[in-house]
Amino acid sequence: MTRKSTSSPTKRADLVAFLGAICLFLSAIEYMIPKPIPFLRVGIANLPILISLDLLPIPLLLLVVVLKVIGQGLIGGTLFSYVFLFSAVGSFASAFAMILFRRIFGRHMSLVGVGVLGALFSNMTQIVLARFLIFGEGAWLIAPPFLALGTVTATALGIFAERFVARSRWLATLRAAL
Amino acid sequence: MRKEATTPLGAFLQNNASPRVLFLAGALLFPAFLMQQDILLRALEILLFICLNALSGRRIRVLNYVVVTAGIVVFNLVIPTGRVLVTVLGLSITEGALKSGLLKGTAMSGLIALSQFSIRADLHLPGRIGGLIGRSLFYFEKIMGERRRIDRRDIIGSIDTLLIEVQAAGALEAGAGRLRVRSSVAGLAVLLLIVAVNWGAYVFTLIHPKPFWG
């Protein structure tokens, strides 16, 4: 599990930017899915973070999250809105949870499990934020369907991530290079 | 990076206001809008932001704003506060809950509209993070340009090939030049007017507290 890099900092920075770009591409796809609450997301933009958990050290993983959050704010034009705050809080909660559980359990926990835990942490922090910022006590009403939907989509994403990691030539090349 | 604006205001702002100045205008509008506690004036400000977005050539989904605001109002109505205005299907609609819901709902919708007006994708942020974001947006555009190559019959395989090719091509094109826009006096004047109108509305409510409905 230790990541000792032999690649140059420039190459690694470029990889971080590239992973950030994939997050933005997936965000653009997600943006097209209609939703009643603007911060309610399927979470496909977290896929690059999930597949690079074993690829990058923690600071670079968090840098990908920073690029994802700010990039989403720029492309979606939500930098000045609560949506940006929800996105930032949810993304970091999810990333911290995924990194933590992956580091603790290693390959004993599949990407499905890691992804589901990440989604639960992300959704719970967003519900707490919604309680104080917009919905008031009514926020607890959306909690059960919100968490249930997050679990279902995270399971599907986890399955996809497992298959992608197993099959991807792109990822194999990166693993060899880093 | 930049798409050609198809409306007069969109073209005007694109040629006369740099992304950084537009960002600054948004930053100045942000507190004036959020501090506005009169719901009617706030609604008018949202209408202004939506109109500015429409005039700038952005696609407006009015239904989205309505659904977002209505959803937040409904969730706030669940907890009654203040006097009962009316009872609908057994649910008491109270004044306090309605006002609280409307303030939060309009804050959410208004900030989205304001943000969409004042944030442009070609905004170049300073520092190392700014450079990385610029690089990310460069790759993002490359991926978007090739997205039709993703094959539903072989999603993983086609995405994989796309990623390999885009990353390789992107590495060769590193440091592509950006088109810089300088702000003109006319551009600054238009943005200043928009900022002044919103701050004026807020100052008005300080002189005449909650003049319409708040």
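In chain B, 4 residues of domain 1 are in contact with 5 residues of domain 2, two residues being in contact if their C-beta atoms, placed from the backbone, lie within 7 Å. The domain 1 side of this contact comprises 3 nonpolar residues, 1 polar residue and no charged residue; Ala, Val, Leu, Ile, Met, Phe, Trp, Tyr, Cys and Pro count as nonpolar, Asp, Glu, Lys and Arg as charged, and the others, Gly among them, as polar. Domain 1 of chain B spans 1-124 + 181-214 and domain 2 spans 125-177, with bounds from an automatic or database domain assignment. The C-alpha centres of these two domains of chain B lie 33 Å apart.

The model is predicted, and local features need pLDDT of at least 70, side-chain atom pairs count only at pLDDT 80 or more, and totals for chains, interfaces and linings use all residues. Residues are numbered from 1 along each chain as its sequence is written, while chains are lettered from A and ligands numbered from 1 in the order in which they are written.

The contact between the chains takes 41 residues from chain A and 38 residues from chain B. On the chain A side, two or more residues each are given by helix 1 (9-31), helix 3 (58-75), helix 4, helix 5, helix 6 (139-167) and helix 7 (169-177), helices being DSSP runs (H or I, at least four residues) numbered from the N terminus. Helix 1 of chain A gives the most, with 11 residues. By class, the side of chain A that touches chain B has 27 nonpolar, 9 polar and 5 charged residues.
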